[in-house]
Structure formats: C-alpha cells, structure tokens
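Trainee: Could you take me slowly through a single part of this model, the sheet and what packs against it?

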Amino acid sequence: MTINRELFDQVMVPNYSPSAVIPVKGEGARVWDQNDKEYIDFAGGIAVNCLGHCHPALVAALKEQGEKIWHLSNVMTNEPALRLAKKLTDATFADKVYFANSGAEANEAALKLARRWALDKFGEQKSQIIAFNKGFHGRTFFTVTVGGQAAYSDGFGPKPGDVVHSDYNDLAALEALISDSTCAVMMEPLQGEGGIISPEADFVKGVRALCDKHNALLIFDEVQTGVGRTGDLYAYQGLGVTPDILTTAKALGGGFPIGAMITTAEIAEHLKIGTHGSTYGGNPLACAVAEAALDTVNTPEVLNGVKEKEALFRELLNDINEKHQVFSEIRGKGLLLGGVLNDKYQGKAKEFLVEGINQGVMSLVAGANVVRFTPSLVIPDADIREGMARFEAAVARVVANNA
C-alpha cells in the first residue's frame, strides 16, 4: 500500500485539506516527513504538543500505564483519573473535575451544566447564554453555535436556541445584553482562532462583575490558553479574575486526547448521576499521560521559561518585520502569539504557512490575516532561532511573490 496525500482523497471525508507533507517522526521541537526532510515545529498541533514530540516523561507514562490497564467504563473509577483530578483541583480554584475526550466535549459539558444549574436554582426562564463574536468553542452543534463565527454553524439546520453574541472587549455591549435571564457568559481569556486577541483588564473584571450582578455563571474556555500556554498554568491566574467553570484540553494531554471541565462543588452538584457522561472520559491511558504533562509543565522553571521564550519570539519577529514590513503588530501572550498582517498582505496568512513548510518550519493561521505560533513550551532557544531563520526565508519568498 502506498501511503501518500492522494490516498487521503480516496479514503477520507473531504472536510480537511491537508498538506502533501506527511510527518512520520518527531523529537522535541523537530519533526521529519516521509522523505526525511526536517521541520521546526512552531505549530504544536494547534497548541497541543506542549512538551514537543515524544517527550520522555509522556512516553514513559504511556508505556507504564499501557502495561497496566487501558480502559474501564465509568461504572468504575481508576487511579490515574483520580490522581489527575486531585492535581487539577489542588492547582486551581476548582473542587470538582469532569473528564472528556476533547475541548468541544469539555465545553459541551460546561454549557449543559450551566443550563442545568440555572434551571434547578432559578427556573426555565433563565437559559440565555452569551458568548463573543470571533470566539471558538468547538465543533459540536451546541459549541459551534455558542462560538462566534456563524460560518462554522450555518448550514446544519435549526441551531440551539437562546444563544446571543457580543463584541469582545466591549463591556457596554455586554451590559446591554445581559439580564437576569442570562444563565452563563462563555469566553476565551485570550481569543485564539478569532485572531489572537487579548482581553483588556477592565473588560475581564467587568464581565465578572456583570455575571455576579445577574446571577450568571462565568465560563472560561481555556482549551487553547491552558496548561502553561500563556506563562501561567491557566490564563485566569494571570488576569486576577476567577471563573465559575473552566474547560481545558489540547495541551492537557500533551498530544494524547483528553479534556476536562472543572468547577466548584456547589455548581458541580447539579450534574447528578445520569445527567451527563462519556464512554472514554477519564480513560486511564489519557489520564496517566496528562498527569505527566501537568507535573512537567506546572513548575516555575517551565512557566517562567514560557515568558522568556515569548520575549525571544517577539524580538526575532520584530527583527524580521523591520526587514520585510509584513506585520502591523505582534500580539498575544506567552507562546500563543500572532503576527497580524498589515494592509498590503491582508488575506494572505496561508501563504506564509505554505511557504514556511517549503522552508522547513511549521506555523499556523488564526483567520486570514494572522500568522499564529503555538510551539512547545520547552522549545530550546536554539530551535527558536533556527525556526525563525527559516520563517524569515519564507517571509522573503512571500514578499517577492507579492512584489
């Protein structure tokens, strides 16, 4: 059997359009394709590979658990799930944990919990969910409707109701929408897919105050910002605002599929036995790997290192921009950074991604106008410099192609 990009078109549903490059091996911040070409990975599987590829601690955890027990239904619990849940609650505001397979599932659980909490405490009229334009919360029908990009939810029939959207960083607009009928406000503490948009400090505090005023829950979607990505274990810890419910996935497993919703004991009690569930949620393999990832990331060395590596990324991106004049700004926090394309290069973010692959560096986009970088949190400085040299070569090619 020949394994190549053409086989994808033969056997896979056409909702993706992957590169012709097929990586087969990874180590740290570097990957190699079928032709043994090397790439520096600044994409991290979209903020998933928080410790790079094949990190020894994660490999060891997977091997060890793989020789013990792989799966149990939630008719029984398991040791890795309990250990991970205890470490998550010890490290955050939360008292209780619900495990799922992905960020979308964690967000689905958060939204269902918020609705059930409001129904139990206040009645059927308190069901409104407010989220933000350009937000992204997953691809289930509920989460994609709550997400603030209609293009992702249009075309599938009637959408879940009583979901409205406001503009991010516009507190007055939210104040005009929120009422005592609002059960929850859902937001990313730094918008990822929407363009790497950081929240203004007064906005986040204002959202918290409005939720308190109207007895609404504040849900932080930390699927992309969590597990060290911004330089804090979770982004809320650097904002001085604590949510009622938080969701985490992506980097939580360092590449192994796992998600979690965490919350307080008072709120959690409204998901009574039988109200929600997941076949694979709390899987021993996933939880063992996630425990190793959390233990490795949640240290002063790694979290402070994220802030130091952010400074190096910004320095090198600014150097590139001084030479080539493609970005209007570099925004984001920690190792969730975006180069915002200036007027001349509007709509061309994918050109930088594609040319980067040609030059041996992997990046991402966040919409059509932002080149996104979400590398390993422990990427060596030498790899950052080498990757940026390759990225500069890509930028030079894009500039020449658009001259």
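Mentor: Strand β7 (residues 182-187) and strand β8 (residues 217-221) pair in the parallel sense over four bridges, where pairing requires that DSSP finds at least two bridges between two strands, and A184 stands opposite L217 in β8. This is a predicted model, in which local features need pLDDT of at least 70 and side-chain atom pairs count only at pLDDT 80 or more, while totals for chains, interfaces and linings use all residues. Residues are numbered from 1 along each chain as its sequence is written, and side-chain values use heavy atoms, with hydrogens and water left out. Strands (E, at least two residues) and helices (H or I, at least four) are DSSP runs, numbered from the N terminus.

Both strands belong to an open sheet of seven strands with mixed pairing, in the order β4-β10-β9-β8-β7-β5-β6. At the edges stand β4 (96-100) and β6 (163-166), each with a single partner strand, so one side of each has no neighbour in the sheet.

Helix α4 (residues 79-91) lies across β4 and β10 (259-263), and runs at about 130° to β4; axes are lines fitted to C-alpha atoms, for helices over the stretch in contact, and angles run from 0 to 180 degrees between N-to-C directions. The axes of α4 and helix α11 (residues 284-297) come within 8 Å and cross at roughly 35°. In their contact (heavy atoms within 4.5 Å), residues of α4 including L84 and L88 meet residues of α11, among them C287 and L294.
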